[in-house]
Protein chains: 2
Amino acid sequence: MADIKLYDFPLSGNCYKVRLLLSMLGLNYESIAVDLAGGESLTEEFKKISPRGQVPVLVDSDDSIWDSMAILSFLARRYGDKTWFPEDDVDNAKVMQWLAVSENEILYGLARARAVFLFKRPFDLTQCQDDGHIGLIAMDQHLSHNKWLATDFPTIADIACYPYVSLAHEGEISLKDYKNVRRWMDDFEALSGWVAIT
Amino acid sequence: MADIKLYDFPLSGNCYKVRLLLSMLGLNYESIAVDLAGGESLTEEFKKISPRGQVPVLVDSDDSIWDSMAILSFLARRYGDKTWFPEDDVDNAKVMQWLAVSENEILYGLARARAVFLFKRPFDLTQCQDDGHIGLIAMDQHLSHNKWLATDFPTIADIACYPYVSLAHEGEISLKDYKNVRRWMDDFEALSGWVAIT
């Protein structure tokens, strides 16, 4: 039986990615709230498990993994069937491509634009929004002729991209020109185990 | 026999990652120069193989992969021995952790700071430098008691992090406070198959 703890923050889209996969895999876990506003993630104690001072961190018995992308990969490989992160080398690379988009245009575009409004972070809003649209345009084009991002099934690439896309409006980025992205979001929200961010 | 083509740009650190791994794996390939300054990567034709309009793109016979992280993973899985991207789920997650650093603090910190000077890109230099130092501090701490980033052997995580760290000075980010990072760079440059960026 898995003994899983998630160092967590409710409003974090990166933590939400992990909560989504845990739920979709049907795994029980303990959520441990980290007081980001109070600086808890930046303490030397916390940096022992997360060197960049960030959530999420997943602890599974004796194994401790930081970074949302690494945690998604770890959980899919350890607990998922092969569809979540396929072993075929081309399908696997396609998942990696969209994981990269989730870490680039989506995180440094959409998520940072949201952080400007939500957490008063001092990022260049126009740059963030421009970066975000590059990612959204690529996604929308791809999703015009593909149901999911990487393969014929939902993968951790869909999970990695969904949170900050679904929250794009909080960074004043509209999805009105991205009808295929909106269709994909609807399909994603219909998956068994989908949960809202809070 | 592999029939590999790399859509390439000499000064791109992301292309350099792929050239390093191809060389370290002893794979022959054809480098196809893409005229970034002339806008070639942003044409509709090029976006058919690279939806974000970026290099590198790798074509291996009938398979076409965009994004440096995806290409590193693809090449290591298809052609490498298991040390480059291990299958053990914890070791694999450790590689993914540092791939995330390469896509986050290193790409949006160190690489963007370099792009401000080298390509006159309009990024917030102070923000880029601050982001870069978060990544370097985490790397230096980790490398104070580990020879390589993810396992006891060099992995694609080392390859993904090395280029923009070794070029940090071009973004006016000094490595003088990061002696463990400098030691790791020396070890990396001693690996069989290491090549300079140009």
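Tutor: Two residues are said here to be in contact if their C-beta atoms, placed from the backbone, lie within 7 Å. With that cut-off, the part to examine is the place where Leu136(B), Met139(B), Asp140(B) and Leu143(B) of helix H5(B) meet Asn180(B), Val181(B) and Trp184(B) of helix H7(B). Sorted by class, this contact of H5(B) with H7(B) holds five nonpolar residues, one polar residue and one charged residue. The model is a predicted one, and every value that follows is computed from it.

Two numbers describe the geometry of such a pair. In general, packed helices are characterised by the angle between their axes and by the distance between those axes. For H5(B) and H7(B), the latter spanning residues 179-189, the angle is about 75 degrees and the axes are 7 Å apart. Angles of 65 to 115 degrees count as roughly perpendicular, and H5(B) is therefore roughly perpendicular to H7(B).

The helix H5(B) leads on to the other chain. In all, 29 residues of chain B are in contact with 29 residues of chain A. On the chain B side, the elements that supply two or more residues are strand S4 (63-66), helix H3 (68-79), helix H4 (89-118) and helix H5 (125-143). Of these, H4(B) gives the most, with ten residues. The side of chain B that touches chain A comprises 14 nonpolar, seven polar and eight charged residues.

How are the two chains placed relative to each other?

Chain B has an open sheet of four strands in the order S2-S1-S3-S4, with mixed pairing. Strand S2 (30-33) and S4 of chain B stand at its edges, each with a single partner strand, so one side of each has no neighbour in the sheet. From one strand to the next, the twist averages 20 degrees. Strand S1 (residues 4-8) of chain B runs parallel to S2(B), and four bridges join the two. In this pairing, Tyr7(B) stands opposite Ile32(B) in S2(B).

The sheet of chain A can be followed strand by strand. Its order is S2-S1-S3-S4, open and with mixed pairing. The edge strands of chain A, S2 (30-33) and S4 (63-66), each pair on one side only. Strand S1(A), residues 4-8, is parallel to S2(A) and joined to it by four bridges; S1(A) is antiparallel to strand S3(A), residues 57-60, again through four bridges. One residue shows both pairings: Lys5(A) stands opposite Glu30(A) in S2(A), and its bridge partner in S3(A) is Val59(A). Four bridges then connect S3(A) to S4(A) in an antiparallel pairing, where Leu58(A) stands opposite Ile65(A). The hairpin of S3(A) and S4(A) has two residues between the strands, and Ser61(A) takes a positive phi near 55 degrees there.

Finally, chain A may be viewed by domain. The domain assignment gives domain 1 as 4-79 and domain 2 as 89-189. Taken over C-alpha atoms, the centres of these domains of chain A are separated by 21 Å. Ten residues from domain 1 and ten from domain 2 form the contact between them. On the domain 1 side, helix H1 (13-24) and helix H3 (68-79) of chain A are the elements that give two or more residues. H1(A) supplies the largest share of that side, five residues. By class, that side of domain 1 divides into seven nonpolar residues, two polar residues and one charged residue.

Technical notes
Residues are numbered from 1 along each chain as its sequence is written. Chains are lettered from A and ligands numbered from 1 in the order in which they are written. This is a predicted model: local features need pLDDT of at least 70, side-chain atom pairs count only at pLDDT 80 or more; totals for chains, interfaces and linings use all residues. Ala, Val, Leu, Ile, Met, Phe, Trp, Tyr, Cys and Pro count as nonpolar, Asp, Glu, Lys and Arg as charged, and the others, Gly among them, as polar. Domain bounds come from an automatic or database domain assignment. Two strands pair if DSSP finds at least two bridges between them. Axes are lines fitted to C-alpha atoms, for helices over the stretch in contact, and angles run from 0 to 180 degrees between N-to-C directions. Angles under 35 degrees count as roughly parallel, over 145 as roughly antiparallel, 65 to 115 as roughly perpendicular and the rest as oblique.
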